[in-house]
Amino acid sequence: MDINELIGKLQGEFEDIPPGTLKPESKISDIEGWGSMHALIVIALADTDYGVTIKGDELRKVQSVQELYDLIIEKQKNPSE
Amino acid sequence: MTTPFHLTNKTIFITGASSGIGKQIAISCSEMGAKVIISGRDEKRLSETFSQLKGEGHLSYVSELTDETKRNELIDKLPSIDGFVHSAGIVLPVPVKFIAEKHLRTVMGINFESAVLTVARLLKNKKLNEKASLVFFSSVSVNHPYSGGSLYTASKGAIEAYSKNLALEIYQKRMRSNVIIPAMIRTPLYEETINQGMYRNVEEYESKYPLGIGRPEDVANAAIYLLSEASSWVTGTNLLLDGGFTIGK
């Protein structure tokens, strides 16, 4: 996968966030309307589509969409972590 | 006057006793004079609970209640009991459109099915003494939903319905079934819930509790009441423990 695929999937799930809002450098905390439901969707999407388990506290440390992508890739390489 | 608020000469079987509410109930029941049988999945943490029990004659079994063979082995080993507390449980937040069979099986398996199947075998094998009291846990979230909570709250709603039916089928021997409905209690599960990002602003959430977030001891006291002779006329009910959460603030 590449980051655009991830952005496409997130954009598809976040129906309340206008298309084109998400970019690799987007700060997650700055996304308008971002809330706990979005966090849950990210965690669920990482599990169903990428086979990785992200914990809530791990997700909170993620600053940008790029960092989220990096985290998923890292976890795919090292499933035990 | 002799107080009926004690558990002397009673044997109480408590699931999910390795941490949180179940652990505190086990400790509190032992302090109130009960012989306690604890079960849990984590051997180390279960033995920590066991070491904190007061008095003699307690039993501890590591088990996996969602595994039919292991569950049945455990139940068949038990002596006859006067009380059953199902505090084994799991919180697994999943948005509704992402729910897959594995999530459903996990949450319903431990929160609902293991309770139902344990009780069935306890009754079938005549392990429950006359006047036995059964205690289950629901959650205030059944009526106060949160994002991602559909599976958890559905499993708890199922337990509420189940308990009332159970109460109807076991009353002949003065056996009773009741549900405790706690709001937020400060347990490892609560910390996990916060870590899973369910409450973005924890302080704001906690401020909704006039009497603050509950302690495991608060729940254990309610369980002792429901297990003791003090509640011998109480069955098929739900006991809400919420620190004033639902009166609004």
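Which residues are exposed on the other side of α1(A)? They are A:N4, A:E5 and A:G12. The model is predicted: local features need pLDDT of at least 70, side-chain atom pairs count only at pLDDT 80 or more, and totals for chains, interfaces and linings use all residues. Residues are numbered from 1 along each chain as its sequence is written, while chains are lettered from A and ligands numbered from 1 in the order in which they are written. Helices (H or I, at least four residues) and strands (E, at least two) are DSSP runs, numbered from the N terminus.

**Helix α1 of chain A**

- Helix α1 of chain A covers residues 3-13, and its buried residues are A:L6, A:I7 and A:L10.
- Buried stands for 20 or more other C-beta atoms within 10 Å of the residue's own, exposed for 12 or fewer, and partly exposed for values in between, with C-beta atoms placed from the backbone.
- The buried residues of α1(A) line one face of the helix, because they fall within an arc of 100 degrees when seen down its axis; the arc is that of the directions from the helix axis to the C-beta atoms.
- These buried residues pack against α4 (65-77) of chain A.

**Contact between the chains**

- Chain A gives 13 residues to the contact and chain B gives 12 residues; two residues are in contact if their C-beta atoms, placed from the backbone, lie within 7 Å.
- The side of chain B that touches chain A has 6 nonpolar, 5 polar and 1 charged residues.
- In these classes, Ala, Val, Leu, Ile, Met, Phe, Trp, Tyr, Cys and Pro count as nonpolar, Asp, Glu, Lys and Arg as charged, and the others, Gly among them, as polar.

**Helices α1 and α8 of chain B**

- In chain B, the axes of helix α1 (residues 20-31) and helix α8 (residues 216-227) come within 8 Å and cross at roughly 55 degrees.
- Axes are lines fitted to C-alpha atoms, for helices over the stretch in contact, and angles run from 0 to 180 degrees between N-to-C directions.
- The crossing of α1(B) with α8(B) is right-handed; a crossing is left-handed if the near helix is turned anticlockwise from the far one by less than a right angle, and right-handed if clockwise.
- From α1(B), the contact takes B:G20, B:I21, B:Q24, B:I25, B:S28 and B:C29, and from α8(B) it takes B:P216, B:E217, B:V219, B:A220, B:A223, B:I224 and B:L227.
- This contact has 9 nonpolar, 3 polar and 1 charged residues.

**Helix α3 of chain B**

- Helix α3 (residues 68-77) and helix α4 (residues 101-124) of chain B pack at an angle of about 40 degrees, their axes 10 Å apart.
- The two helices are therefore oblique to each other, and the crossing of α3(B) and α4(B) is right-handed.
- B:R71, B:N72 and B:I75 of α3(B) meet B:S114, B:L117, B:T118, B:R121 and B:L122 of α4(B).
- The residues of this contact divide into 3 nonpolar, 3 polar and 2 charged.
- Within α3(B), the buried residues are B:R71, B:L74 and B:I75.
- Seen down the axis of α3(B), the buried residues fall within an arc of 95 degrees, so they line one face of the helix.
- On the other side of α3(B), the exposed residues are B:T69, B:E73, B:D76 and B:K77.
- The buried residues of α3(B) pack against β2, β3 (59-62) and α4 of chain B.

- B:I37 is found in strand β2 (residues 35-40) and counts as buried because it has 24 C-beta neighbours inside 10 Å.
- Leaving out residues up to four places away in sequence, B:I37 touches B:T11, B:F13, B:L59, B:L78 and B:I81.
- The C-alpha atoms of B:I37 and B:T15 are separated by 8.5 Å, and the two residues are 22 residues apart along the chain.
- B:E169 is in helix α5 (residues 150-170) and is exposed, with 10 other C-beta atoms within 10 Å.
- The C-alpha atoms of B:E169 and B:G55, 114 residues apart along the chain, are separated by 34 Å.

**Positive phi in chain B**

- Most residues other than glycine have a negative phi.
- B:N9, which is not a glycine, has a positive phi near 65 degrees; B:N9 is in the segment before β1 (11-15) and is exposed, with 9 C-beta neighbours inside 10 Å.
- B:R174, also not a glycine, has a positive phi of about 60 degrees; B:R174 lies in the loop between α5 and β6 (176-182) and is partly exposed, with 14 other C-beta atoms within 10 Å.

Conventions. Angles under 35 degrees count as roughly parallel, over 145 as roughly antiparallel, 65 to 115 as roughly perpendicular and the rest as oblique.
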